[in-house]
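Here is a brief report on one protein chain. Have the sequence and the fold side by side as you read.

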Amino acid sequence: MALHVRGVLLPDDEVRDLWLVGDRVTFTPVSGAETVVDGGFVLPGLVDAHCHIGIARGGAPITSLDQARGLAHVDRDAGVLAIRDAGSPYPYPELDDEPDLPRLARAGQHVAPPKRYLRDIGVEVDATEVAATVAAQARAGNGWVKLVGDWIDRGVGDLAPAWDADTLTAAVRAAHDAGVRAAVHTFSESAVEIMVRAGVDSVEHGTGLSLDLIDEMARQGTALVPTMINIATFGGIAEHARGKFPGYADHMLALRDGFPEVVRAAHEAGVPIYVGTDAGGGIDHGLAAEEMLLLHERAGMAPIDVLAAASWGARAWLGFPGLVEGGLADLTVYPEDPRGDLRVVRAPSRTILRGRVIR
C-alpha cells in the first residue's frame with residue numbers, strides 16, 4: 001500500500017504532501033494511500049558517513065551477518081537510514097539490499113601498513129603491494145576504498161605516514177583507476193598533506209589539517225568527515241601511551257584541543273563536511289545525533305548546515321537521492337523544528353525506510 005506523509009519538508013521549509021509508492025517518492029497524489037505522518041518536520045533519512053558495522057565493540061572483527069545486522073539496526077533505530085561503512089574486515093555484500101537495513105555504501109578492508117594498525121582489521125601490505133591491494137579492495141566494496149594514511153610509528157615515537165608519499169599518491173590513483181572513491185584515515189599533519197595533494201576524495205578525522213590544505217580541499221571538493229566523537233577519545237589514548245611515547249601523547253592532545261577550530265575553518269572555507277561517528281570498535285553505534293550536536297556546539301556549524309551534513313547533503317554525496325520526485329523513500333520525522341533546537345534529532349517520532357514504517 002502507498003503511504004502518505006504531510007509535514008514541513010526540510011530543507012524546503014514548507015508544508016508538503018508526499019506519497020511513498022514502494023521505494024520511491026512522488027508528489028502526485030495516490031488514491032487510497034495510508035496517512036502515516038500528519039505534522040512535524042520531515043527530513044530525508046539521516047546518514048552516518050563513517051561507520052563500521054563490520055567491527056564489533058572492543059575492536060574485533062564481527063564473525064557473522066547477524067552481528068552486522070544487529071549493529072546496523074542500532075543505527076537505523078536512531079534515525080540513520082544510510083551508512084558508509086568506512087572499512088570492514090568482514091565481507092557482507094549480501095546485506096546491500098536487505099529491506100530493513102540502512103542503505104549501504106561500503107569500502108572493503110582497510111589497506112594498512114604492516115604491524116602498525118589495529119590488529120586483524122586491515123589488509124597489511126608493504127609499499128610494493130599497495131596499489132594492487134587497493135584494486136582488490138575496490139572490488140570488495142561497492143564504491144569506496146579505505147586507506148590508512150598514518151598511525152603511530154613506534155620507531156619514531158609519534159604519528160608518521162603509513163608509506164612514502166609516492167606510494168600514498170599511487171594508492172589514490174589506483175582507487176580512481178578502479179572506478180571507486182578513496183577515503184583516508186589521517187590524524188597527522190604530514191599524511192593529510194600528502195593525501196589532499198594526491199586528490200583523495202574524503203579525509204576521515206583530519207586533525208592535522210592546515211589552513212592551506214583546507215583551502216585546497218575547498219577548491220577540489222574534497223570532503224571532511226570529522227568524527228568529533230572519536231577525537232574526544234584522544235585523551236585516553238594519550239594517557240595510555242604516555243609511559244612509552246610521551247611525544248606521541250602530547251601530539252594527540254594538541255591535535256584534540258585544536259580540532260574544533262580546524263572543523264570551523266573548514267566549514268567557513270566551503271569544505272563539504274559530513275556527519276560520521278566512527279562507530280565500531282571504541283565508539284558505540286547509534287550516536288549520529290551526538291556527533292551532530294558536537295558539530296554545532298564545538299565547531300560552530302549552524303543547525304541547518306549540520307542537518308545538511310547529516311541528511312540531504314550526505315545522501316547526495318553518497319548517491320542516495322532524498323525527498324524529491326522519484327527519490328528514495330527514506331525519511332525521519334521530528335515533532336519540533338530541529339533548526340531551532342538541534343537536540344530534537346535525538347528522538348525521531350517516525351522513521352520510514354525503503355517505503356516501510358520502521359518506527
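## Strand pairing

Two strands pair if DSSP finds at least two bridges between them. Helices (H or I, at least four residues) and strands (E, at least two) are DSSP runs, numbered from the N terminus. Strand β6 (residues 80-85) runs parallel to β7, and four bridges join them. Ile 83 has Leu 104 in β7 as its bridge partner.

In a regular strand, side chains alternate between the two faces of the sheet. Strand β7 (residues 103-106) is covered on both faces. Arg 103 and Ala 105 are buried on one side, Leu 104 and Arg 106 on the other. Buried means under 20% relative accessible area, exposed over 50%, partly exposed in between (1.4 Å probe, protein chains only).

## Basis of the model

This is a predicted model: local features need pLDDT of at least 70, side-chain atom pairs count only at pLDDT 80 or more, and totals for chains, interfaces and linings use all residues. Residues are numbered from 1 along each chain as its sequence is written, and side-chain values use heavy atoms, without hydrogens or water.

## Whole chain

The chain holds eleven helices and 18 strands. Its C-alpha trace spans about 70 × 40 × 35 Å along the principal axes. Of its 359 residues, 56% count as buried.

## Glu 216

Glu 216 sits in helix α5 (residues 211-220). Its relative accessible area is 18%, so Glu 216 is buried. Leaving aside residues up to four places away in sequence, Glu 216 touches Val 196 and Arg 197. Contact means heavy atoms within 4.5 Å.
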